[in-house]
Amino acid sequence: MVVAVAAAAASSTRLTCALLPRQGLHGIQEPTPGLQWTNKKRCCTRKAGPTITAKLELKPPPYPLNALEPHMSQETLEYHWGKHHRGYVDNLNKQIIGTELDEMPLEDIIIATYNKGDILPPFNNAAQIWNHDFFWESMKPGGGGKPFGELLQLIERDFGSFEKFVEEFRSAASTQFGSGWAWLAYKANRLDVGNAENPRPSDEDKKLVVVKSPNAVNPLLWDYSPLLTIDVWEHAYYLDFQIRRPDYISTFMEKLVSWEAVSSRLEIAKAQATEREEEEKRKKEEKEVGISDNEAVEMYVDSKSDDSEAE
Amino acid sequence: MALRSVSRKSLCLGLAVGQVRGLQSFSLPELPYDYGALEPVISKEIMQLHHLKHHQTYITNYNKALEQLDEALAKADSPSIVQLQSAIKFNGGGHINHSIFWKNLTPVREGGGEPPKASLGWAIDTQFGSLEVLIQRVNAEGAALQGSGWVWLALDKELKKLSIQTTANQDPLVTKGSALVPLFGIDVWEHAYYLQYKNVKADYLKNIWKVINWKYASEVYEKEIP
């Protein structure tokens, strides 16, 4: 997926029209008004002349369509990537052209149209584009084997052993009833309650988790960093495995997973988590400085009560 | 016919299990026509997989979950009782829905696709304008359904009204309203059409009307509204 227009440039043209909350993926979540998304083209008066809209493009997998044979057939890739994934891209472009979602980064479109669960029509297409990009990159020809380095260490720390992780991942993938995905994700230092601050944050709070999600939902929505995914929609495995989803999952784990991709995603996730922590610490310090100024003022205002107590 | 031995075998197993606790065990209902009888609308390969594998798997897992529920109830093990509900809903729903589905389809030579007459035909014309409009709307609902699920022509037996409903995954129609009776359902899980139609769900929906068993739908309708 290639988005031609930078988000920063777009924001200045949107001040007058969109009620779209500026939620960065890792920004502090401010209370958001309802997303005013409609089918009608926005009346925003942009500059005169043709509006340049960013058309999302279908990104190819990082290998030829027959490269995963015999574990995932070329025919599957031709349909899965060439028809399903392409369809999501084409349909999303049709849905967002001329709206405030146009020109937004894909991850922002996903979060905005998820709309805290009150899903808007472009969500399914947007999220599925992201999910499939992520899925192709989670595999490689000659994949499988075991993870290495820090990733393996964390897996062993958080699951007990690599085998136990595989068991949990397979279980999630098999028991996602209906369509959906199973994930390995990095969950950084957050309590599960909104607005709560973890009073004693430590590195141990950050951990790897296995989660599953229905249909187009993905862990970005829960503020996790996805590291690995397997598509368990039937179209992902039906031509090659028919009903035998467990065999598909085994083949994926043993022959297709790209642990390199997972490792590099982990690096990025950890760096982002550290960056966010530092930013939150900075913000907290700024807030505290503000409070102590206020307290000083109150001391002077409250001098009357001191006199009455002295009596 | 191979079918009979399958169902007899599972019936025997079912009874053997059932008799221990008096627990009802479910078995695969026979398909009312040959596996290839719905061609070219639905291929023999799909019918075999769908009936002998998918439906059978729902039944197997349904029975297993019910057995586990029985044990949990006997031990008053509430966490297990509650935890088993999703497996029961999913697999039991799958059994319910597919049992209805096989009856909703019939070969062309046995009346598949023949438009409804009498009271159901009249109700459709009154409430939707025409059969074509109904078909269009069912197909639109089916196409728009994200993920896995079913589209239904439902009869609200209390309000005596028809409606088009969708359910997600294997949720039975009754989860949309306790008074709703399914006149027919169309399975829009990918396994129902993928080997033949691939990603083109719309073609599957367009074609399935050629084998819809309107006679059966009318029988169900007339039973509720005599």
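Q: Why is Asp223(A) called buried?
A: The model is a predicted one. Asp223(A) has a relative accessibility of 18%, and buried means under 20%, so Asp223(A) counts as buried.

Q: What makes Asp223(A) and Arg276(A) a salt bridge?
A: The closest N and O atoms of Asp223(A) and Arg276(A) are 3.0 Å apart. The criterion asks for a side-chain nitrogen of Lys or Arg within 4 Å of a carboxyl oxygen of Asp or Glu, so the pair qualifies. The two residues belong to distant parts of the chain, 53 residues apart: Asp223(A) lies in the loop between β2 (207-214) and β3 (225-231) of chain A, and Arg276(A) in helix α9 of chain A.

Q: Is Arg276(A) buried or exposed?
A: Its relative accessible area is 11%. The limit for buried is under 20%, so Arg276(A) is buried.

Q: Why is the pair Glu260(A) and Lys140(A) said to tie together parts of chain A?
A: The side chains of Glu260(A) and Lys140(A) meet in a salt bridge with an N to O distance of 2.9 Å. Glu260(A) is in helix α9 (residues 259-301), while Lys140(A) is in the loop between α4 and α5 (149-159), so the bridge joins parts that are 120 residues apart in sequence.

Q: What makes helix α3 (residues 106-114) of chain A mostly covered?
A: Seven of its nine residues are buried. They are Leu106(A), Asp108(A), Ile109(A), Ile110(A), Ile111(A), Ala112(A) and Thr113(A). The buried residues of α3(A) pack against α2 and α4 of chain A. After α3(A) comes Asn115(A), with a positive phi near 55°.

Q: Which residues have the most contacts inside the largest nonpolar core?
A: They are Phe165(A), Leu208(A), Ile230(A), Tyr248(A), Phe252(A) and Trp259(A), in a core of 73 residues. Helix α4 (residues 122-137) of chain A provides the largest share of this core, eight residues. A second, separate core has 58 residues, among them Trp152(B), Tyr194(B), Leu205(B) and Ile212(B).

Q: What is Ile230(A) in contact with beyond its neighbours within four places in sequence?
A: The partners of Ile230(A) are Phe135(A), Phe169(A), Ala173(A), Gly180(A), Trp181(A), Ala182(A), Tyr248(A), Ile249(A) and Phe252(A). Each counts as a partner because heavy atoms lie within 4.5 Å.

Q: How many residues of chain A and chain B are in contact, and what area do the chains bury between them?
A: In chain A, 16 residues are in contact with 18 residues of chain B. The two chains bury about 1,800 Å² between them, 62% of it on carbon and sulfur atoms. Phe177(A), Glu234(A) and Tyr238(A) supply 35% of the area that chain A buries against chain B, more than any other three residues.

Q: What polar pairs does the interface of chain A and chain B hold?
A: The rule finds zero salt bridges across it. Six residue pairs are in polar contact, both residues being at pLDDT 80 or more. On the side of chain A that touches chain B, α2 (74-96) and α7 (238-241) each supply at least two residues. The largest share of that side, four residues, comes from α2(A).

Terms used: Residues are numbered from 1 along each chain as its sequence is written. Chains are lettered from A and ligands numbered from 1 in the order in which they are written. This is a predicted model: local features need pLDDT of at least 70, side-chain atom pairs count only at pLDDT 80 or more; totals for chains, interfaces and linings use all residues. Side-chain values use heavy atoms; hydrogens and water are left out. A nonpolar core is a set of buried Ala, Val, Leu, Ile, Met, Phe, Trp, Tyr and Cys residues joined through side-chain atoms within 4.5 Å. Buried means under 20% relative accessible area, exposed over 50%, partly exposed in between (1.4 Å probe, protein chains only). Buried area is the accessible area (1.4 Å probe) that two parts lose on being put together, summed over both. A polar contact is a pair of N or O atoms within 3.5 Å; within protein, one must be able to donate a hydrogen and the other to accept it, and residues adjacent in sequence count only if both atoms are side-chain atoms.
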